[in-house]
Amino acid sequence: MLPEVGMYHFPWEINFTSVPEGKVLRTFGRLHSYDMAISQAILTAQHTSGQHCIPVCTKFVEPFQAQLGSSYIVLGETEFKEGEMVLKARVFTCVEGINLQLLEKAIEEQRKYFQERRKDHEGSIC
């Protein structure tokens, strides 16, 4: 059986109450720090007036060339570790130069599409 599709979540949407443990998701952010000794990176994203941080376990994607300050997209599953949510990365890709505003718009459009598709399936007889 194939793993669940990782739906995009904005960094500011990821927290204990909105994302259950083991959920597969995609997100993005700037690489703020990377500690190779404990296989952990911290992604950050600015939204409205807040700075949002996402701890990422990089054990399954090492070795990689960490470029601090660069934009990254991560695909992985959530895990609760010592009272904190960590995203266990399966894919951790540097996407420096990406237009984050266009990425956010694309995520919104994708959500609308899936929502409309879900409504169509609920309304169908088959």
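Guide: Let's start at Val 56, which touches Ser 39, Gln 40, Ala 41, Leu 43, Val 74, Val 86, Leu 87, Ala 89 and Phe 92, leaving out residues up to four places away in sequence; here contact means heavy atoms within 4.5 Å. This is a predicted model, where local features need pLDDT of at least 70 and side-chain atom pairs count only at pLDDT 80 or more, while totals for chains, interfaces and linings use all residues. Residues are numbered from 1 along each chain as its sequence is written, and side-chain values use heavy atoms, with hydrogens and water left out.

Now step back to the largest nonpolar core, which has 16 residues; Val 56, Leu 43, Val 74 and Phe 92 touch the most other members. A nonpolar core is a set of buried Ala, Val, Leu, Ile, Met, Phe, Trp, Tyr and Cys residues joined through side-chain atoms within 4.5 Å. Buried means under 20% relative accessible area, exposed over 50%, and partly exposed in between (1.4 Å probe, protein chains only). Strands E2 (24-35), E3 (40-47), E4 (50-57), E5 (71-81) and E6 (84-94) each supply at least two residues of this core. Strands (E, at least two residues) are DSSP runs, numbered from the N terminus. The largest share, four residues, comes from E6. Apart from this core lies another, of nine residues, including Tyr 8, Phe 10, Trp 12 and Phe 28.

Strand E3 also holds Thr 44, which is buried, with a relative accessible area of 9%. Not counting residues up to four places away in sequence, Thr 44 touches Gly 29, Arg 30, His 32, Gln 51, His 52 and Cys 53.
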